[in-house]
Amino acid sequence: MQECSGAEAEIGLEVFFTDSPGIGGRLKQDPEDFIVDEISLPPSEDKSGSYTIAKVTSQNWETNRLIRELSKTLGISRDKIGFAGTKDKRGITSQLMSFQTPLENVSRLALHQIAITDLYRSKKPLTIGDLIGNHFIIRARNSPVDIDTCRESIAQTNQQLTNLGGFPNFFGVQRFGAVRPVTHLVGKWIAKGDLEKAVMTYVAHPLDSEGEDTRAARARLELERDFAEAIEYYPKTLTFERMIIGYLARNPEDYAGSIGVLPPNLQMMFVHAYQSYLFNRMLSERIRQGLPLNRPLVGDVVLPADRNGLPDHDHGVPTTEANIDLVERQVKKGKAFISTVLFGTDSVFAEGAPGEIERKVIDEEQLIASDFMVPLIHQCSSKGSRREILGSVTDLEINILDDYSEFSFSLNKGCYATVLLREFMKNGTLMDYS
């Protein structure tokens, strides 16, 4: 275990599991350096269905903005476009989407850096979670170490992760905003009931990681708080911030309403990001205390595998003195997964040492379950869930060349490639993964 003192620690990634030296370097220098291909659960074909299913391959498109552009071009509302999971902006991603519009309309789409292929009709749309995982091909460039040192470091890290049987399943920087990691802070203030502070954190709150014009606009709004004036000078590229600012220019001090104009999945992301930050802190502390990630303890809550071999996040089973031998066998076979809480209104803590960690983080944040019931913004309420603490890697292949190291592998849905790569790179700074 190594402590992480960089910017990642601010989103709860406070430690590295492996103690090997990192290779450093950068990800996503070019779009071709980060290729993601969704492992889908496609709806069955039915020519009488009202949905068009298509494979959408995009380059450098953030999911919310991609959906917005597709919606505008097709002339249909956002809620008539379905997808299984959000993807990174920087890179080339392929995923299934559903469109409640005739197939001919989708086939005629011609948008910059977007390709539409493999179209068919179905009676069922895509919804969030309708996938098994993702396959990645990722190149890490600009390593400061020589190729022999790079090979040795990667071999050491790989051996430690192989012995573990996976990697610590942190939420990655994308969950919080790779360039502007404030999504969890917005969610925190929503949970705390300070909606004005939540809004100002999102639309103002300048950070050094942004461009000069954007920083200046945010700083001016933070100082003046004149939304009617801000809509005139705010950068046109900040689409969602401008939606909030425009609403508040017309409806002063209706901060709940201003959040409500955002796409529903973005509203949900704020509180979910805060829950993710809390989870990251809990997992960091478990690693710091030397508690196992691949072996259950009395008090742990384990998640049974569903029919696709994925963890069932909503039906945890407590580990007790009476069942620990059975649970340990199930975990070893990959039929159960050790979990930590994603705290919400209906959450139940683990017991024993794992439960002490969960309670400690929630107490330090001064939270209670009812904080996650947000009556003014229904989309921001969250019952909570649980998440597996160990991510599994399949089909891992590593090719070390003079110019870059290439990693090819598959992960279950909800797991972050950058979290696996950070164990090999150990930069400890957000910007090296953006």
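**Notes on aromatic contacts**

1. Y274, Y277, F343, F349 and F372 together make up one aromatic cluster. Rings of Phe, Tyr and Trp (its six-membered ring) are taken to pair if their centres lie within 6.5 Å, with planes under 30 degrees apart called stacked, over 60 edge-to-face and the rest tilted.

2. This is a predicted model, in which local features need pLDDT of at least 70 and side-chain atom pairs count only at pLDDT 80 or more, while totals for chains, interfaces and linings use all residues. Residues are numbered from 1 along each chain as its sequence is written, and side-chain values use heavy atoms, with hydrogens and water left out.

3. Searching the whole structure gives 11 aromatic pairs. One of them, F34 with F136, is edge-to-face, at 6.2 Å centre to centre and 75° between the planes. This pair links distant parts of the chain, 102 residues apart, with F34 in strand β3 (residues 34–40) and F136 in strand β8 (residues 131–141); strands (E, at least two residues) and helices (H or I, at least four) are DSSP runs numbered from the N terminus. F34 and F136 are both buried, that is, under 20% relative accessible area, where exposed is over 50% and partly exposed in between (1.4 Å probe, protein chains only).

4. F407 and F424 form a tilted pair, with 5.1 Å centre to centre and 55° between the planes. Because F407 lies in strand β16 (residues 404–412) and F424 in helix α13 (residues 417–425), the pair ties together parts that are 17 residues apart in sequence. Both F407 and F424 are buried.
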